[in-house]
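Dear colleague,

Please find the structure below, handed over for your own work. My notes on what was found in it follow directly after.

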Amino acid sequence: MSTAPQLVKSFNKKIATNNKFELIHVSLDRSSQAALAWAKQEKFPWVHVLPDKSADSGLLKYYKSFVPHYVLIDSGGKILAEGSPAIFDMLDEL
């Protein structure tokens, strides 16, 4: 079962209206077309870094060998929290 609906709900509640945070999805799909199709299907409202641009994004240094993997980083690139529950808990603290 997809966790996407819960993630969108959490995003809308805690991030969408807060200009201090931004969620960026770095896709590890095999193609940009597949990534866009999935994002559209799940109605993701956030920024997407497509597979053909992920190496240039500078975000692959946070990559783990499993998906989904969520990382909360500050503007300097320091990891503040990892994992969906920890991230949303940290957002409450910040």
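Tyrosine 63 has a relative accessibility of 47% and therefore counts as partly exposed, a class that lies between buried (under 20% relative accessible area) and exposed (over 50%), computed with a 1.4 Å probe and protein chains only. The residue is placed in the loop between helix H3 (54-57) and strand S3 (71-73); helices (H or I, at least four residues) and strands (E, at least two) are DSSP runs numbered from the N terminus. Together with Leu28, Leu60 and Val67, Tyr63 forms a nonpolar patch on the surface, and the accessible area of these residues together is about 390 Å². Patches consist of residues with over 30% relative accessible area and no salt bridge, where like charges are joined within 9 Å and nonpolar side chains (Val, Leu, Ile, Met, Phe, Trp, Tyr) within 5 Å. The areas come from the Shrake-Rupley method with a 1.4 Å probe, and for residues only the protein chains shown count as cover.

Please note that this is a predicted model, in which local features need pLDDT of at least 70 and side-chain atom pairs count only at pLDDT 80 or more, while totals for chains, interfaces and linings use all residues. Residues are numbered from 1 along each chain as its sequence is written, and side-chain values use heavy atoms, with hydrogens and water left out.

I turn next to the helix packing. Helix H1 (residues 4-14) packs with helix H4 (residues 84-93) at an angle of about 10 degrees, and their axes are 11 Å apart. The axes are lines fitted to C-alpha atoms, for helices over the stretch in contact, and the angles run from 0 to 180 degrees between N-to-C directions. On the H1 side, Leu7, Ser10, Phe11 and Lys14 meet Ser84, Phe88 and Asp92 of H4, contact being heavy atoms within 4.5 Å.

Serine 10, in helix H1, is buried, with a relative accessible area of 17%. Apart from neighbours within four places in sequence, serine 10 is in contact with Ile15 and Phe88.

Which residues form a salt bridge? Lysine 14 pairs in this way with aspartate 92, and the closest N and O atoms are 2.8 Å apart. The pair links distant parts of the chain, with lysine 14 in helix H1 and aspartate 92 in helix H4, 78 residues apart. A search of the whole structure finds 1 salt bridge, defined as a side-chain nitrogen of Lys or Arg within 4 Å of a carboxyl oxygen of Asp or Glu. Lysine 14 is partly exposed at 22% relative accessibility, whereas aspartate 92 is exposed, with a relative accessible area of 52%.

Three further residues may be of use to you. Alanine 35 is placed in helix H2 and counts as buried at 3% relative accessibility. Leaving aside neighbours within four places in sequence, alanine 35 is in contact with Ser27, Asp29, Leu50 and Pro51. Alanine 35 and proline 51 are 16 residues apart in sequence, and their C-alpha atoms are 7.7 Å apart in space.

Lysine 43 lies in the loop between helix H2 (32-42) and strand S2 (47-49). Its phi is near 60 degrees, a positive value in a residue other than glycine, and lysine 43 is exposed at a relative accessible area of 66%.

Alanine 55, in helix H3, is exposed, with a relative accessible area of 62%.

With kind regards
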